[in-house]
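This report looks at the packing inside one protein model.

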Amino acid sequence: MMFKAKILLIGIILTLVITLLLSLLYVRELENGGNIRLREQASTMFKGNKLGIVIPFRERFDELLEFVPHIHSFLKNQDVLHEIFVINQVDQYRFNRGSLINAGFKEIMSSYSMIDYIAMHDVDLFPLNPALDYHYPPTGHVNHIAAPHLHPRYHYASFVGGILLITKEDFIQIDGLSNNYWGWGLEDDEFYLRLKEAKIGIHRPGNLTTGTSNTFRHNHDRTVRKRDMTKCYNQREVTRKRDRHTGLHNVNYFVKKKHELLIDGVPTLVLDIELKCNKTLTPWCLCSEYGVKNTKNLKKGK
C-alpha cells in the first residue's frame, strides 16, 4: 500500500514539473516574438489606457453639438475610456491647428495625468464604421484612423490628418506639431516628417468593408465654412520645410477660461486659448496687415 502511494506521489510531482517546464517554454516563445501583439492587447485591457479626444476648434458650435454625443457613443461601444477636450482659439490671429493641439496637450498633461494617449480629431469628421479601432496604438506606432484610402477627401500617401492617435510619450518625443502654420493646412504634412524622422510607424485600418464614401461622414459645408488658405509674406516658402525650431516645447499661449459643459449629457471640457504670435518670425499670423503694408510700400514707390 505504501509503495502504491509513493508511485502516485511521484506521478503527481512529475506532472507538475512537466507542466511548469512547458509554461516556461511558452513564456520564452512569447518573449522571442511569438504572439507579442496578443500579449500587448491583454496588457492594454488590464491597464485601462485612457484616451483624450483633442479637438482644435474655432466657431464650429453646430458641428460640436452633433460631434460630441456621436463620438462618445462610438467610443462607449468599443469600451474605450475617454475624455473630450475642445481647444477653442479665441484670439485675433488666424487659425493655428498645430499650436492648439500643442497647447491642449500641455494643459491635459498638467491637469489630467490619467490620459495615456490622445486623438488629434477634426470636429467635422464622424467615424461610422464600428471596425475603426480607437484603442491604444501598437508599440512604436501612431494609429491614423482617417487613412488616405478611407478619408472622404484626402488620398495622398503621406496624409496623416483628420484623426490620428498617438501615445503621450511619442508626442513628447517628436516635440508635438510645428507652431508656424497659421491659416488652413500643411501642418499635418510637416508632422508626417517628424514621425518618419523619429522612426515611428503609421498604423492604418485594414480589411474594412467600407471605403471613402461611407467610412466617415464629413460634416463640412464649404460654402458656409470657408477655409483660410491665404498665403502672405514668405509663408509659402517657410512652411514647405521641416520645422526644427518650434513645437510642443515653445508653444506660446494663455488659457483665458475653462468651461465644463454637458452636451447631451456628455461631459466636455472647453479651454479658451489665446495664442501668441511672434510677428518677426511668423508675420503671416495676420495676413490682413500684409495688404496694408503692401499698399503703403506701393505708395512710397511712387
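In helix 6 (residues 187-197), the buried residues are Glu 187, Asp 188, Glu 190, Phe 191, Tyr 192, Arg 194 and Leu 195. Buried means under 20% relative accessible area, with a 1.4 Å probe and protein chains only. Helices (H or I, at least four residues) and strands (E, at least two) are DSSP runs, numbered from the N terminus. The model is predicted: local features need pLDDT of at least 70 and side-chain atom pairs count only at pLDDT 80 or more, while totals for chains, interfaces and linings use all residues. Residues are numbered from 1 along each chain as its sequence is written, and side-chain values use heavy atoms, with hydrogens and water left out.

The buried residues of helix 6 pack against helix 4 (97-111), strand 3 (115-121), strand 5 (141-144), strand 6 (163-167) and strand 7 (201-203). Just after helix 6, Lys 199 has a positive phi of about 60 degrees.

Strand 3 is largely enclosed by the rest of the structure, because seven of its seven residues are buried. Strands pair if DSSP finds at least two bridges between them. Strand 3 runs parallel to strand 1 (residues 50-57), with five bridges, and Ile 115 in strand 3 is the bridge partner of Lys 50. Strand 3 and strand 6 are antiparallel and are also joined by five bridges; there Ile 118 has Ile 166 in strand 6 as its partner.

The whole structure holds eight aromatic pairs. Rings of Phe, Tyr and Trp (its six-membered ring) pair if their centres lie within 6.5 Å; planes under 30 degrees apart count as stacked, over 60 as edge-to-face and the rest as tilted. Two of the pairs are tabulated.

| Pair | Type | Centre to centre | Between planes |
|---|---|---|---|
| Tyr 93 and Trp 182 | edge-to-face | 5.7 Å | 65 degrees |
| Phe 105 and Phe 171 | tilted | 4.4 Å | 40 degrees |

Phe 105 lies in helix 4 and Phe 171 in helix 5, so this pair ties together parts 66 residues apart in sequence. Both Phe 105 and Phe 171 are buried. Tyr 93 is buried as well, at a relative accessible area of 12%, and Trp 182 is buried at 3%.

A cavity is a set of points on a 1 Å grid over the protein atoms alone where a 1.4 Å probe fits but cannot get out, and lining residues have an atom within 4 Å of a point. The largest cavity has a volume of about 40 Å³, volume being the space filled by probe spheres set on the points, which are joined across faces, edges and corners.

Technical notes:
On a 1 Å grid over the protein atoms alone, a cavity is a set of points where a 1.4 Å probe fits but cannot get out, and a pocket is an open set with protein on both sides within 12 Å along at least five of seven lines; lining residues have an atom within 4 Å of a point. Buried means under 20% relative accessible area, exposed over 50%, partly exposed in between (1.4 Å probe, protein chains only). Contact means heavy atoms within 4.5 Å.
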